[in-house]
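Have a look at the model alongside them.

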Amino acid sequence: MAYFTQNAHRAGRHFLQIPGPTNVPDRVLRAMDNPTMDHRGPDFGVMGRQILGNLRQIFQTTQPVVIYPASGTGAWEAALVNTLSPGDTVLMCRTGWFASLWQEMAERLAIVPEFIDTDWRRGADVEKIGEALRADTGHRIKAVCVVHNETSTGSTSRIDEVRAAIDAAGHPALLMVDTISSLGSIDYKHDAWGVDVTIAGSQKGLMLPPGLSFNALSEKAIAASKTAKLLRSYWDWAPMLAANEGGYFPFTPATNLLYGLDTAIQMLLEEGLPNVFARHDRHAEATRRAVRGWGLEIQCLDPRHYSSALTAVRLPEGHSADGLRATILERFNMSLGNGLGPLKDRVFRIGHLGDFSDLQLMGTLSGVEMGLRAAGVPHQSGGAQQALDYLSTT
Ligand SMILES: Cc1ncc(COP(=O)(O)O)c(C=O)c1O
């Protein structure tokens, strides 16, 4: 295929170390490589019920999770249009690029976002959320919307603390959380944290190709959907929930991606969610040790908000992160994430999520260290060694 690595064969595997889409395990690829079945036939119902049941464990919920054949953006829209009415106010935390895109979407849908800004170097400001809710004695704010893991900065917001702030203010707002780059990588508890709508996507911690997205619901969210006035058709939860009862969908589902999802869920449950999260924490710590060893700066400034899914690394002033990424792609056949919005060319992002092992991480960090040297970026050598020391003793 002519579009792979500029036409020429390159020996060895490409390292896809962007923070999603992530590497798809062979077992998932094999599962998708099965004949597409009749999505209204009896076999499909059995598979659909199995997937819809098991999927709840990944969200740590006993409540319904709906699946859309769409990227994560579709599930953002579904969350908003099912629960809100034109002119409703929502409280959003601008933690980075993705939070900003969600806010722009809300505006286009005639929702009125009230923002809490950050410097893009930490997670959501829980104090300010509490303050805004306490000040809203008339309960104008209908929902609090937070991105759990801000993929543009590598900062993870404390959803347990956001929940506590909402409860402490005695505010009835819905809580909506984007877990597109955290689900299946960073511990996330839809039920225990009282989240009303969790938004997720297939192409990151779930180890699938892009193309599926999710809304995990609460009773309160379903009740809100009965009176919400925003127009919706394709995204409407009601026909979806009705069809899902039998394991079916109100339209043609992405059957082969669902085969993959079934397998990916099994893989996560076989490893055990606590082990999956610990693996990601460990790889993130090893990566941060490497970055510090190179004498470079981590974009996230608050250690309580460090992301276990990715690390965004700042380049010294006057040096191009995109130039470094281009060198690494050209010389070592590895893709790293780019800086987004105001971080363009200032940071590069190392994805360490999904189907990922110690040796893959060391290949990645070695590639970055060789790239720093090849691209002439001022740094100290030996960062990868710091990661090796950590991985070999923990
Ligand atoms: C945190 C977050 N939210 C939303 C999105 C948008 O999802 P998609 O590109 O799948 O539509 C992304 C994509 O990377 C993301 O990382």
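1. Ground rules. This is a predicted model, where local features need pLDDT of at least 70, side-chain atom pairs count only at pLDDT 80 or more, and totals for chains, interfaces and linings use all residues. Residues are numbered from 1 along each chain as its sequence is written, and side-chain values use heavy atoms, with hydrogens and water left out.

2. Helices H2 and H9. Let's start with helix H2 (residues 42-59) and helix H9 (residues 255-271), whose axes come within 10 Å and cross at roughly 45°. Axes here are lines fitted to C-alpha atoms, for helices over the stretch in contact, with angles from 0 to 180 degrees between N-to-C directions. Helices (H or I, at least four residues) and strands (E, at least two) are DSSP runs, numbered from the N terminus. H2 and H9 are therefore oblique to each other; angles under 35 degrees count as roughly parallel, over 145 as roughly antiparallel, 65 to 115 as roughly perpendicular and the rest as oblique. Their crossing is left-handed, meaning the near helix is turned anticlockwise from the far one by less than a right angle, while clockwise would be right-handed.

3. What touches between them. Contact means heavy atoms within 4.5 Å. On the H2 side the residues include Phe44, Met47 and Ile51, and on the H9 side they include Leu258, Tyr259 and Asp262. By class, this contact of H2 with H9 has 11 nonpolar, 5 polar and 1 charged residues. Ala, Val, Leu, Ile, Met, Phe, Trp, Tyr, Cys and Pro count as nonpolar, Asp, Glu, Lys and Arg as charged, and the others, Gly among them, as polar.

4. Helices H5 and H6. Now look at helix H5 (residues 126-135) and helix H6 (residues 159-168): their axes come within 9 Å and cross at roughly 20°. H5 and H6 are therefore roughly parallel to each other, and H5 passes H6 in a right-handed crossing. Val126, Ile129, Gly130 and Leu133 of H5 meet Glu161, Val162, Ala165 and Ile166 of H6. That contact divides into 6 nonpolar, 1 polar and 1 charged residues.

5. The cavity. How many cavities of 30 Å³ or more turn up in the whole structure? The search finds 1. On a 1 Å grid over the protein atoms alone, a cavity is a set of points where a 1.4 Å probe fits but cannot get out, a pocket is an open set with protein on both sides within 12 Å along at least five of seven lines, and lining residues have an atom within 4 Å of a point. Grid points are joined across faces, edges and corners, and a volume is the space filled by probe spheres set on the points. The largest cavity holds about 40 Å³. Strand E12 (residues 310-314) gives the largest share of its lining, 3 residues. Among the lining residues are Thr153, Arg288, Cys300 and Tyr306.

6. The second largest pocket. It holds about 220 Å³ of space. Of its 16 lining residues, His148, Thr156, Arg158, Ile186 and Asp187 are the closest to its centre. H6 and helix H10 (273-293) each supply at least two lining residues.

7. Backbone details. Gly20 and Pro21 are joined by a cis peptide bond, with omega about -5°. Gln60, not a glycine, has a positive phi of about 55°.
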